[in-house]
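The sequence and structure follow.

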Amino acid sequence: MYSLNQEIKAFSRNNLRKQCTRVTTLTGKKIIETWKDARIHVVEEVEPSSGGGCGYVQDLSSDLQVGVIKPWLLLGSQDAAHDLDTLKKNKVTHILNVAYGVENAFLSDFTYKSISILDLPETNILSYFPECFEFIEEAKRKDGVVLVHCNAGVSRAAAIVIGFLMNSEQTSFTSAFSLVKNARPSICPNSGFMEQLRTYQEGKESNKCDRIQENSS
């Protein structure tokens, strides 16, 4: 049985199938995020798609599964963020939206923060950590419950939550990943985010060693 580290090392982009993300805004407009030549292309969908061009069978069912990472920290998709019953059932007070092209649905009911992040391996996800972490901590300080979501609740939002746990809980990447994976099994941060999270851990370990050396000198 492969360990997580072995699976990461064995990863190859050549094994990935072509994918696209279909987003429906609150106004009913449909947009599609598609990968091409290491860049993301965003187009408006004019006619219904058969799904074949995206390399997968289109799933029209809503993803309302909410991963409970901590009693006050939740992870989900845009579907959960747009379902008032789901939000109320989970006692959500704050919503961190890191999706692209997804509007906030209930502005008078929740405290929102929106940060448009592209789901690209080249995206510097670490640069978004400070403002995301600050918002999550704010919700915690106010005894609130924060839902972190992107489009599918699989890559961007998952990477933010994993990074937050590594920072706030001083836990390793492997432990944080496992915790989030157990709460929401569908998570799968893209290869670039995975690499950056490992780098983030290395940086934190290096800083810890530097502090120990300073204290001992």
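## Gln196

Gln196 has a relative accessible area of 14%, so the residue counts as buried (under 20% relative accessible area; exposed is over 50%, partly exposed in between, with a 1.4 Å probe and protein chains only). Gln196 belongs to helix H7, residues 191-216. Helices (H or I, at least four residues) and strands (E, at least two) are DSSP runs numbered from the N terminus.

Apart from neighbours within four places in sequence, Gln196 touches Pro121, Thr123, Asn124, Ile125 and Leu126, where contact means heavy atoms within 4.5 Å.

## Model and confidence

This is a predicted model, in which local features need pLDDT of at least 70 and side-chain atom pairs count only at pLDDT 80 or more, while totals for chains, interfaces and linings use all residues. Residues are numbered from 1 along each chain as its sequence is written, and side-chain values use heavy atoms, with hydrogens and water left out.

The average pLDDT (the predictor's confidence in each residue, from 0 to 100) is 82, and 66% of the residues score at least 70. Residues 46-57 have a pLDDT below 50, and this stretch makes 14 contacts in the model beyond near neighbours in sequence.

## Aromatic pairs

The whole structure contains seven aromatic pairs. Rings of Phe, Tyr and Trp (its six-membered ring) pair if their centres lie within 6.5 Å; planes under 30 degrees apart count as stacked, over 60 as edge-to-face and the rest as tilted. Trp72 and Phe164 are an edge-to-face pair, at 6.0 Å centre to centre with 80° between the planes. Trp72 sits in the loop between strand E4 (67-70) and strand E5 (73-76), and Phe164 in helix H5 (residues 156-168), so this pair ties together parts 92 residues apart in sequence.

Phe133 and Phe164 also form an edge-to-face pair, with 5.6 Å between centres and 75° between planes. Phe133 is in helix H4 (residues 129-141) and Phe164 in helix H5, 31 residues apart. Phe133 is buried at 8% relative accessible area, and Phe164 is buried at 1%. Ring pairs join Trp72, Phe129, Phe133, Phe164 and Tyr200 in a cluster.

## Helices H4 and H5

The axes of H4 and H5 come within 10 Å and cross at roughly 75°. Axes are lines fitted to C-alpha atoms, for helices over the stretch in contact, and angles run from 0 to 180 degrees between N-to-C directions. H4 is therefore roughly perpendicular to H5 (65 to 115 degrees; under 35 is roughly parallel, over 145 roughly antiparallel, the rest oblique).

H4 contributes Phe129, Cys132, Phe133, Ile136 and Glu137 to the contact, and H5 contributes Ala159, Ile160, Gly163, Phe164, Asn167 and Ser168.
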